[in-house]
Amino acid sequence: MGAGAQAGAEVLGPAGEAAYLRIEHVGKRFGDVWAVRDVSLTIAEREIFALLGSSGCGKSTLLRMIAGLETPSTGRIVLDGEDLARVPAHRRPTNMMFQSYALFPHLTVAGNVAFGLHQLRPRLARAEIDARVDAMLDLVQMKAYAGRAPQELSGGQQQRVALARSLAREPKLLLLDEPLAALDKKIRRQTQFELVGLIRRVGVTCILVTHDQEEAMTMASRIGIMSEGALVQVGTPDDIYAHPNCCFSAGFIGETNLFEGRIRDGRLVGADFPQPIVLALACGDLPAEGSAAWLSLRPECVRVHPLAAADEAAAASGCENRAPAEVAEIAYLGGHSIYHLRLPGGRSMIASVPSAHWGDAPPPARGARVQVCWAAPDGVLLSR
Ligand SMILES: Nc1ncnc2c1ncn2[C@@H]1O[C@H](COP(=O)(O)OP(=O)(O)O)[C@@H](O)[C@H]1O
Ligand SMILES: [Mg+2]
């Protein structure tokens, strides 16, 4: 079972890399409400990091404090060795790209990219500005549109111009607040890859804010999950998926079956399952006898067998946990299907079953009686 990072443990950056951005115990209070609570986090140079959480959890506020648009109530932020508290927003080596790209309608594409460069002090020479605009538009493949007005571009093209405008100033840190929210679903997926490719090519360190788990998992090398102002878990997408440290993370990254119960004699009891659930933890790692605990079980770890051959199949696959179930719904998705299963007592479970699993036999249909089972080590035991 996963030994995910414990609550309250110090949050560290990726192993072996020096911290480029250091966020230390940062909090922000608006009146009586803490929008951000005691967030500590380090980010390495050139990393693409995603802050992920539902609307209102404090993502934008944290980003705005890094950009200097809000002042932290507690803690400090250090970028490349410099404490940002002493640096006003317009002088920070950061650049924030907002949800609405806010391109200037009265300026051309090239004029928009050049705009931020005209503000830089010491002043850049005209030729230097032209060269940078040219290079940036080339990078985002918008050179052919240099003379157009923003209104004459598609959403995806406007997004690329906004990115070129952000990158032209060569920020140390690129801050993206829901950068793809304005795009429709179809082009969003393609744009995710494009954007990551561009950020990597430029080599800029980037923090991306999103409420979309798929976007975070596709684009970022590490993810920080936020809930109610606090950072609840930090890790690579696969690490969080395999080793969530709490029920919130388990449910936020991917789908899961969550059983709530109590620890008794090394098993999880009272958890809407026909018998005590066998756990694979060594006794020393188990939460205290009688304490509340949750088991997170990913859908692809749940096996489904036709009832006739079930016991042999379960025994052969080494599954300690078994129960009869009824197939309530099936979503056929080509390579695999999602089975919605009803256990005795009424609780439902989901299983992701590869189509090849059934071999030549017909897959169980809706209403069929089956057996669900899983191997104890496939579950992740959580204590909150
Ligand atoms: N300027 C402000 N004044 C008062 N409350 C604010 C302000 N900005 C944000 N908040 C509150 O702080 C919380 C976090 O907001 P925000 O950081 O925008 O969340 P997110 O970006 O995750 O959706 C919300 O409850 C929001 O209403
Ligand atoms: Mg926001």
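Two strands pair if DSSP finds at least two bridges between them. Keep that in mind as you look around this predicted model, since it is how β6 and strand β7 (residues 173-177) come to be partners: 4 bridges join them, and they run parallel. The protein chain splits into domain 1 (19-251) and domain 2 (258-384).

- Taken over C-alpha atoms, the centres of domain 1 and domain 2 are 40 Å apart.
- Where they touch, 6 residues of domain 1 are in contact with 6 residues of domain 2.
- On the domain 1 side of that contact you'll find 4 nonpolar residues, 2 polar ones and no charged ones.

**The sheet of 6 strands**

- This one is an open sheet, and its strands come in the order β6-β7-β8-β3-β9-β10, with mixed pairing.
- Which strands stand at the edges? They are β6 (94-97) and β10 (230-235); each has a single partner strand, so one side of each is left without a neighbour in the sheet.
- From one strand to the next, the twist averages 20°.
- For β6, the partner is β7, and the two run parallel. If you want a spot to look at, find Met97, which stands opposite Leu176 in β7.
- As background, strands of a sheet pair through backbone hydrogen bonds, either parallel or antiparallel.

**The sheet of 4 strands**

- There's also an open sheet with the order β2-β1-β4-β5, and here the pairing is antiparallel.
- β2 (33-44) and β5 (82-83) are the edge strands; each has a single partner strand, so one side of each has no neighbour in the sheet.
- Strand β1 (residues 19-30) and β2 run antiparallel and are joined by 8 bridges.

**Helices α2 and α4**

- Helix α2 (residues 109-119) packs against α4 with the axes 8 Å apart and an angle of about 25°.
- Angles under 35 degrees count as roughly parallel, and α2 and α4 are therefore roughly parallel to each other.
- The crossing of α2 past α4 is right-handed.
- Who meets whom? From α2 come Val109, Asn112, Val113, Phe115, Gly116 and Leu117, and from α4 come Val161, Ala164, Arg165 and Ala168.
- The residues of this contact divide into 7 nonpolar, 2 polar and 1 charged.

**Helices α2 and α3**

- α2 also meets helix α3 (residues 126-139); their axes come within 9 Å and cross at roughly 125°.
- α2 and α3 are therefore oblique to each other.
- This crossing is right-handed.
- On the α2 side the contact uses Val109, Ala110, Val113, Ala114, Leu117 and His118, while α3 brings Ile129, Arg132, Val133, Met136 and Leu137.
- By type, the contact of α2 with α3 has 9 nonpolar residues, 1 polar and 1 charged.

**Helices α4 and α5**

- How do helix α4 (residues 155-168) and helix α5 (residues 185-202) cross? Their axes come within 11 Å and cross at roughly 20°.
- That angle makes α4 roughly parallel to α5.
- α4 passes α5 in a right-handed crossing.
- Gly156, Gln159, Leu163 and Leu167 of α4 make the contact with Ile187, Thr191, Leu198 and Val202 of α5.
- Sorted by type, that contact has 5 nonpolar residues, 3 polar ones and no charged ones.

Key
Residues numbered from 1 in each chain as written. Chains lettered and ligands numbered in written order. Predicted model: local features only at pLDDT ≥ 70, side-chain atom pairs only at ≥ 80, totals over all residues. Axes fitted to C-alpha atoms, helices over the stretch in contact; angles between N-to-C directions. Domains from an automatic or database assignment. Contact = placed C-beta atoms within 7 Å. Nonpolar A, V, L, I, M, F, W, Y, C, P; charged D, E, K, R; others polar. Parallel < 35°, antiparallel > 145°, perpendicular 65-115°, else oblique. Left-handed = near helix turned anticlockwise from the far one by under 90°.
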